Amino acid sequence: MSTLHWAMVAPFMLALFVPFLYKHVRSIHTGWFILPLPVALFFYFIRYMDIVQQYETVTETVPWIPSLNIHFTAYVDGLSLLFSLLITGIGSLVVLYSIYYLEKEKEKLHHFYVYLLLFMGAMLGVVLSDHLITLYLFWELTSISSFLLIAYWYKRERSRYGAKKSMLITMFGGLLMLGGFLALSVMGDTYSIRELLAHSSTFVNEPLFSVALLLILLGAFTKSAQFPFYIWLPDAMEAPTPVSAYLHSATMVKAGIYLVARLTPIFALSPLWIWLVGGTGIVTLFWASFLASRQTDLKGILAYSTVSQLGLIMSLLGIGALAFHYNFAENIFIVATLAAVFHLFNHATFKGSLFMVVGIVDHETGTRDIRRLGGLMTVMPMTFTIALIGSLSMAGLPPFNGFLSKEMFFTAMLRVLEADIFSLETWGILFPVLAWCGSVFTFLYSFLLISKTFLGEYRPERLEKEAHEAPVGMLLAPMLLALLVIVIGFVPNILSDTVLAPAVYAVLNGLFKPGEGVDVHIAHWHGWTPEVFMTLGVIAVGTVVYKTFPKWNGVYRRLPERLSLNHLYNRLLEWMEKGSFALNERYMTGSVRTYLIYIFTAIIALLSVSIVLKGQWNIEISRFAPVGIYEIVLAVVIVAGALTTLVSKSRLTSIIALGSVGYTVALFFVLFRAPDLALTQLVIETISVALFLLCFYHLPKLRDHGKGYSFKLTNAIISIAVGVVVSTIAFLSHAYKPFESISQYYVENTYEKAAGKNMVNVILVDFRGFDTLFEICVLAIAALGIYGMIKLRMTKEEKLEK
Amino acid sequence: MELVMIIVIGFLFAAATYLMLSKSLLRIIIGTGLLSHGAHLLLLTMGGLKEGAPPLLGEHAERYVDPLPQALILTAIVISFGVTAFFLVLAYRSYQELGTDNMEQMRGKEEDD
């Protein structure tokens, strides 16, 4: 195993020791033992920047199931490095924050850090895996650890609901994604992403192409909370705030983004991909930013804001895929991919800090409800400053990093208008329009977040605690993130040259040679362009919308609750549960007769269908023996006997009729020259009838005695059908026999080899003696069973004990 | 001849099915009895009902009937007898314990699950 692999498994290994540390070192907050790991990993990954900047990649392989060609292959390029740095960097800050956020005495810290480390390791596995199957393994592990973290306070009903919802939705997507992966590996005949990318252009005409595309996109959309699968994210806000900051804003929800970015070179040639990724992204951006403004819970606002920003990144990736359709020289769509990875990074910084700020407000005032908060600016000046930086960056205002990526976002959206393929020349106008509208709402909720929490008058009577500034340890992590927001805002090229350019190169794999083209776009981040006027428009309209917000607020109440996706999700679950229950109730009646009807009907249906489809109708009449008079008489007798069992009013008559059938069978055996059978049949029929009479004698007296049975039409139809099907199959198979019996051997060798003259007996004990042995066993077991049933009785006390 | 037997067997199967679909446990057991008779006759018929001596070498005949289906039937008769006897005693015991032979009344209770 290489150091890279050790870096990937380190979180899992540390997770093993967390409970010991928690149990035995009670005086120190467990988080302090965790903190060194992500910090060390962060600096470890920093070292890869040199390699990646040279547009080189690192691949390390450890075999897992070599016979199935499954390996743990770690692969570092620009994109996975960007994600790894985010995961470990923000991971370190979140651990630091959680040390101050979670109390040592009250919380089950060992649970928290085990889950968090599991998540961190899984997330590193997702972004570093080159193998589709191991990628899926880590993907599911992030879902599971996220489920555990959301339900961290498992005694709360809302936590459990949120955890279940996120589990159902992300697992649903994950499973479909696995299907997509399998389709992809069938097409490419490999599981390795690198190898798939290498001959990606040949896939477009494969029949499985669209299937793989749709399934993988469903996986990515559910994980990254895209429309209409975003509904789990707001409910996941029941998790502790460090978890929300880490999983549900900076890392896990970007796993879908990662997947889309990673597989872009494979699917980009399809118009379906561009429309689905771009279209879903832009719709999610608009819809979630619209909904974010109606939230009254701070974390609710941030959750919808996250959904909206993820939509933004997704739409940029969709537009970025257009780059594959144009020549390099005139390629104006590369900027979209650059904007996507840039905003991905920016969003992680400002959203992480905002979540931490909200956690601080919650921690220090006891509420996250904006209707009860207000005027905290003077009480919590540090927190306010950080929140202001984060919000302004989120709103896309200069001089913060959100402004730069928002500007590039507008650039990319405007360039869609220049596309002339896939009906983008007509419908493409939707992209800039929705993007602009979404930005106005983003501006609105960013300002609502600030003004409702920190501005206005301070009303301590509404708060659960005496509000005061947070301890410096808690402020440290958001301060660092806010600092990053400002630094990237002023000197973006530090970041873009080192990390973003290789990431863009990785996303647009194979489109251009290392180093050329991308740098140009990064340098051009200012100038009087239409984007600037769009931003000015956002600020102007956004201010108006913000000022008049109380007036048009009522619009949200007009949104029909019944059409909301949450309502649909809840109804769907309820309906499925009720539906399957009703279905079970309906067909599992508990009555043996019903099940027999199912079985008989299935037999009739299957056999008659196969008779009709496959029946061999070339009948050889010569095979049939001539009809004899005695047999006819016996046939009449046996039919009469069977008929009597059916119609007789009393049970005694039925039993005797059954006996008559049995004796007639014995007579048939006589007629068809089977003396041993006739003997056995006579004896056994006699014993059976005696047993039947025993049962009859012990019947309960209370009811049914001597009473007739009503005729049932269904039963009659099924019975006749069974009889007809059996007869037909017997007739067809007898009329058509491809080869002769093997019995001539027995006739010739019964005396020669086995020293007997009765062929049947010699077959039973000599040629095929094994059958007889086990038939004896059957009789022995039956005898023992009968003895047991009659002798062994459970007493009342034993019954009660049971 | 086989055609006659096949029709008779079909009738036995139909009667057995009808009885097995009824409510009374005793009728169900009678149905299984008819069903095994039908199956045994079917075995014999499908082996062929051509003329020939009984399968005893002392007969010194030109042709014998096929001995193999007879051996199979003999095994089947004994096994079905074992099972029927067990089934009958089971029915007798359930009469004793439950006081009913109505299949519709023999259902598990919710609390037994």
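Thr251(A) touches Ile87(A), Phe119(A), Met123(A) and Tyr246(A) once residues up to four places away in sequence are set aside, and in this predicted model its place is in the loop between α12 and α13 (255-267) of chain A. With a relative accessibility of 1%, Thr251(A) counts as buried.

**Helix α12 of chain A**
- Helix α12 (residues 241-250) of chain A is mostly covered, with 10 of its 10 residues buried; among them are Thr241(A), Pro242(A), Tyr246(A) and His248(A).
- The cover over the buried residues of α12(A) includes α5 (78-101), α6 (109-128), α7 (132-150), α11 (232-235), α15 (298-320) and α16 of chain A.

**Nonpolar cores**
- The largest nonpolar core has 208 residues, and Phe45(A) and Phe267(A) are those with the most contacts inside it.
- Helix α16 (residues 334-365) of chain A gives the most to this core, contributing 19 residues.
- Because domain 1 (1-211 + 226-249) and domain 2 (333-556) of chain A both give residues to this core, it lies between them.
- Leaving aside neighbours within four places in sequence, Phe267(A) is in contact with Leu184(A), Phe209(A), Ala212(A), Leu213(A), Ile216(A) and Trp273(A).
- A second, separate core of 80 residues includes residues from both chains, among them Leu646(A) and Val726(A) as well as Ile29(B) and Leu41(B).

**Domains and an exposed tryptophan**
- Besides domains 1 and 2, the domain assignment of chain A gives domain 3 (558-588), domain 4 (590-698 + 714-738) and domain 5 (740-792).
- The centres of domain 1 and domain 5 of chain A, taken over C-alpha atoms, are separated by 65 Å.
- Trp427(A), which is found in helix α19 (residues 424-427) of chain A, has a relative accessibility of 54% and therefore counts as exposed.
- Between Trp427(A) and Ser201(A) there are 26 Å in space, C-alpha to C-alpha, and the two are 226 residues apart in sequence.

**Contact between chain A and chain B**
- Chain A and chain B bury about 8000 Å² between them, with 76% of it on carbon and sulfur atoms, and the contact takes 98 residues from chain A and 77 residues from chain B.
- On the side of chain A, Phe672(A), Arg673(A) and Met789(A) lose the most area to chain B, together 9% of what that side buries.
- Across this interface the rule finds 0 salt bridges, whereas it finds 16 residue pairs in polar contact, both residues being at pLDDT 80 or more.
- The elements of chain A that give two or more residues to this side include α28 (592-614), α29 (629-647) and α35 (769-791), while α32(A) gives the most, with 13 residues.

**Salt bridges**
- Over all chains, the count comes to 10 salt bridges.
- Asp77(A) forms a salt bridge with Arg262(A), the closest N and O atoms being 2.8 Å apart, and both residues are buried.
- Asp77(A) lies in the loop between β2 (70-76) and α5 of chain A and Arg262(A) in helix α13, so the pair ties together parts that are 185 residues apart in sequence.
- Arg368(A) and Asp362(A) form a salt bridge in which the closest N and O atoms are 3.8 Å apart, and each of these two residues is buried.
- In the salt bridge of Asp771(A) with Arg768(A) the closest N and O atoms are 2.9 Å apart; Asp771(A), at 31% relative accessibility, counts as partly exposed, and Arg768(A), at 32%, also counts as partly exposed.
- Arg158(A), Lys165(A) and Asp235(A) are joined into one network by salt bridges that share partners.

Technical notes. Residues are numbered from 1 along each chain as its sequence is written. Chains are lettered from A and ligands numbered from 1 in the order in which they are written. This is a predicted model: local features need pLDDT of at least 70, side-chain atom pairs count only at pLDDT 80 or more; totals for chains, interfaces and linings use all residues. Side-chain values use heavy atoms; hydrogens and water are left out. A nonpolar core is a set of buried Ala, Val, Leu, Ile, Met, Phe, Trp, Tyr and Cys residues joined through side-chain atoms within 4.5 Å. Buried means under 20% relative accessible area, exposed over 50%, partly exposed in between (1.4 Å probe, protein chains only). Helices (H or I, at least four residues) and strands (E, at least two) are DSSP runs, numbered from the N terminus. Domain bounds come from an automatic or database domain assignment. Contact means heavy atoms within 4.5 Å. Buried area is the accessible area (1.4 Å probe) that two parts lose on being put together, summed over both. A salt bridge is a side-chain nitrogen of Lys or Arg within 4 Å of a carboxyl oxygen of Asp or Glu. A polar contact is a pair of N or O atoms within 3.5 Å; within protein, one must be able to donate a hydrogen and the other to accept it, and residues adjacent in sequence count only if both atoms are side-chain atoms.
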